[in-house]
Amino acid sequence: MTVNKVAYQIIKKDLEAKNVRIVAVSKTKPIAAIKELYDLGQRDFGENYVQELADKAAELPKDINWHYIGHLQTNKVRFIAPFVQLIHAVDSLKLLKEINKQAAKHDRVIACLLQVYIAQEESKFGLNESELDILLNELSTCELKNIKITGLMGMASFTDDMSVVKMEFRRLHDFFNKIAQQQTSNIKLETLSMGMSSDYKIAVEVGSNMVRIGSLFFGERSKK
Ligand SMILES: *Cc1c(COP(=O)(O)O)cnc(C)c1O
């Protein structure tokens, strides 16, 4: 297994010019592979298993920005609260309250993205647009000082039909623009996390400013 450094350099050059931040998704990949990208200057890495993230963070340099990109269970928040930089897929007030509580214990403010459900297929995770409006309203009524909502995250349908993917991303981008004005003490929507290996180009084309790329850099993952 080798890291595709050439692909990384090309994508990095392209996306830096467009002011798009790259999160290198290293889930299931070994420490050595992460180090290879780290040595090329990559500092943002994404994981979606809590234990794996905690183990890797303990072993790797402290200037890595760790992103938690998976579905986070409330009872696991405490394991990543001491160090996580950005939690990408938050979809309930209950989870936000727990993140706030755990962040307070470490005297931190943890940045979170709200996950919006944009794909056609059924999914258990993410909020639709009206649910998101409701959540933002609820948030403005409770004093959660140790979290800040810094943007939105979405995943397109698993399909080869890139016109569908583009439509979904465009819709999320429009929605992001629509609500981006809503600012409070702990809501400031600046980050739009959308796009993975197969669809990041389309995502960037329609306004993503953060992409989560795994297999293009690290190779395909075996099933876990
Ligand atoms: C695994 C994962 C990615 C990266 O997927 P690739 O297709 O390997 O680029 C991006 N986002 C989330 C939420 C993931 O779970």
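Among contacts in the chain between residues at least 6 apart in sequence, what percentage join residues at least 24 apart? The figure is 60%, where a contact means heavy atoms within 4.5 Å.

A few notes for you, starting with the ground rules.

1. This is a predicted model, in which local features need pLDDT of at least 70 and side-chain atom pairs count only at pLDDT 80 or more, while totals for chains, interfaces and linings use all residues. Residues are numbered from 1 along each chain as its sequence is written, and side-chain values use heavy atoms, with hydrogens and water left out.

2. The overall make-up of the chain is nine helices and eight strands; these are DSSP runs numbered from the N terminus (helices H or I, at least four residues; strands E, at least two). The radius of gyration is 17 Å, close to the 17 Å that the globule rule gives for 224 residues, so the chain is as compact as a globular protein of that length. That radius is taken over C-alpha atoms, and the rule is 2.2 Å times the number of residues to the power 0.38.

3. On burial, 52% of the 224 residues count as buried (under 20% relative accessible area, with exposed over 50% and partly exposed in between; 1.4 Å probe, protein chains only).

4. Strand 6 (residues 147–155) deserves a look: seven of its nine residues are buried, so this strand is largely enclosed by the rest of the structure. On one side, strand 5 (residues 110–117) runs parallel to strand 6 and is joined to it by eight bridges, with Leu114 opposite Leu152. Strand 7 (residues 187–194) also pairs with strand 6 in the parallel sense, over five bridges, and here Gly151 faces Thr191. Pairing requires that DSSP finds at least two bridges between the strands.

5. Phe45 and Trp66 have ring centres 6.1 Å apart and planes at 45°, so the pair is tilted. Phe45 lies in strand 2 (residues 44–47) and Trp66 in strand 3 (residues 65–68), 21 residues apart; both Phe45 and Trp66 are buried.

Notes: Phe/Tyr/Trp six-rings, centres within 6.5 Å; stacked < 30°, edge-to-face > 60°.
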